[in-house]
Amino acid sequence: MNASTPSRCGFVAIVGRPNVGKSTLGNALVGAKLSIVSRKAQTTRHRIHGVLTRDQDQFVFVDTPGFQTRHGGAMNRMMNRVVTQALAEVDVVVHVVEAGKWSAGDAGVVPLLPRNRPVILAVNKVDAVKDKNALFAYVSRLMEQFPYAAVVPVSALRDVQLDILIQELARHLPEGEHLFEPDTLTDRPLRFLAAELIREKIFRLVGDELPYGCTVVIEQWEENAEGARIAACVVIERDSHRPILLGAGGQHMKRIATEARQDIVRLLEKPVFLDVYIKVRKGWSDREAALRELGYE
Ligand code: GDP
Ligand code: K
Ligand code: MG
């Protein structure tokens, strides 16, 4: 980091109709499979999808609710309000469209774009366009749709002009401290929070009866847009602790899993399949579990 240049940090929303390449672009900009960081670290009510740190600049890419939803009438107006407000809370908006293919879906996004924030138009999939003259005409027409701060033709798939897009975004980042460590790109905080939620339920239900602390280790974490599949292991130190944790007919464990799952659904904002099981491991320490959570096995 250059000490003479102030650090900049801002929230960037990527919006657009379905299938224009928002997810592909987000992934390409972050340079890795987009991962989710803890909502606790957020300063807005957006869901963070990825963080890109480049020297003094930190870009926090966020999801905006409602863009994929089609509803009529009052519901539609309400959804639009939600989107409009969400977009007013970010620092920069990237409106993604597909080169040569402007549709009613794209036109529907335009009225929701904020007037008091820079909006950059990313014309994606230029790799699929053969006729460069046609592309030029298309871009000219797009610029009549909205007062975009900049228009950048890109290919998210082929990494064309993404550096230009990042430069444009950087111009609009506000000065400020970075919110994340430079290498933040991990789902570890979420895994950790999920383990904590399970531990909390255990302690609420049987904490008085369990003479020694038990630890929760997330053994499996598979997540995509549709949902998450999580397997968590409750590690206890003695066989005699198992019946305490299970309860009559396994009712304790059932309740622990049910309540933890509800909390994790709220945390991830998607359906969750949660499997919680018990393992006995003598001499297992909190420290060992903590190290494992951090990826040291
Ligand atoms: P989203 O619905 O806006 O998030 O779009 P996706 O990122 O899921 O992409 C939709 C489709 O467009 C996928 O098949 C992508 O591979 C494809 N796509 C995305 N970016 C590009 C690009 O730059 N060029 C080409 N040719 N295809 C792309
Ligand atoms: K898609
Ligand atoms: Mg997508």
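Start with the contacts across the whole protein chain. Of those with a separation of 6 or more, 70% join residues 24 or more positions apart. Keep in mind that this is a predicted model.

Now colour by secondary structure. The protein chain shows nine helices and nine strands. Switch to burial next. Of its 297 residues, 33% are buried.

**Stop 1: Ala122**

Select residues 119-124. This is strand β5, and Ala122 sits in it. Is Ala122 buried or exposed? Ala122 is buried, because 29 C-beta neighbours lie inside 10 Å and the cut-off for a buried residue is 20 or more.

Which residues does Ala122 touch, leaving aside those up to four places away in sequence? Select Leu25, Val94, Val96, Val152, Val154 and Leu165 to see them. Ser155 is 33 residues from Ala122 along the chain.

**Stop 2: ligand 1**

Centre on ligand 1. How many residues surround ligand 1? The count is 16. Select the closest of them: Gly21, Lys22, Ser23, Thr24 and Leu157.

Which helix gives the most to this shell? Show residues 22-30, which form helix α1. Helix α1 contributes three residues, the most to the shell around ligand 1.

Now colour the shell by residue class. Seven of its residues are polar, five are nonpolar and four are charged.

**Stop 3: Asp159**

Go to the loop between β6 (150-153) and α5 (162-171). Asp159 is there. Check its backbone: phi is near 55 degrees, a positive value in a residue other than glycine.

Is Asp159 buried or exposed? Count the other C-beta atoms within 10 Å of Asp159, and there are 12. Asp159 is therefore exposed, since the exposed class takes in counts of 12 or fewer.

**Stop 4: Glu269**

Move on to the loop between α8 (251-268) and β9 (272-280). Select Glu269 in that loop. What is the phi value of Glu269? Phi is near 55 degrees, which is positive, and Glu269 is not a glycine.

Finish with the surroundings of Glu269. Glu269 has 12 C-beta neighbours inside 10 Å, so Glu269 counts as exposed.

**Before you close the viewer**

Ala122 is buried, whereas Glu269 is exposed. Ala122 belongs to strand β5, while Glu269 lies in a loop.

Note on methods
Residues numbered from 1 in each chain as written. Chains lettered and ligands numbered in written order. Predicted model: local features only at pLDDT ≥ 70, side-chain atom pairs only at ≥ 80, totals over all residues. Helix = DSSP H or I, 4+ residues; strand = E, 2+ residues; numbered from the N terminus. Contact = placed C-beta atoms within 7 Å. Near = placed C-beta within 6 Å. Nonpolar A, V, L, I, M, F, W, Y, C, P; charged D, E, K, R; others polar.
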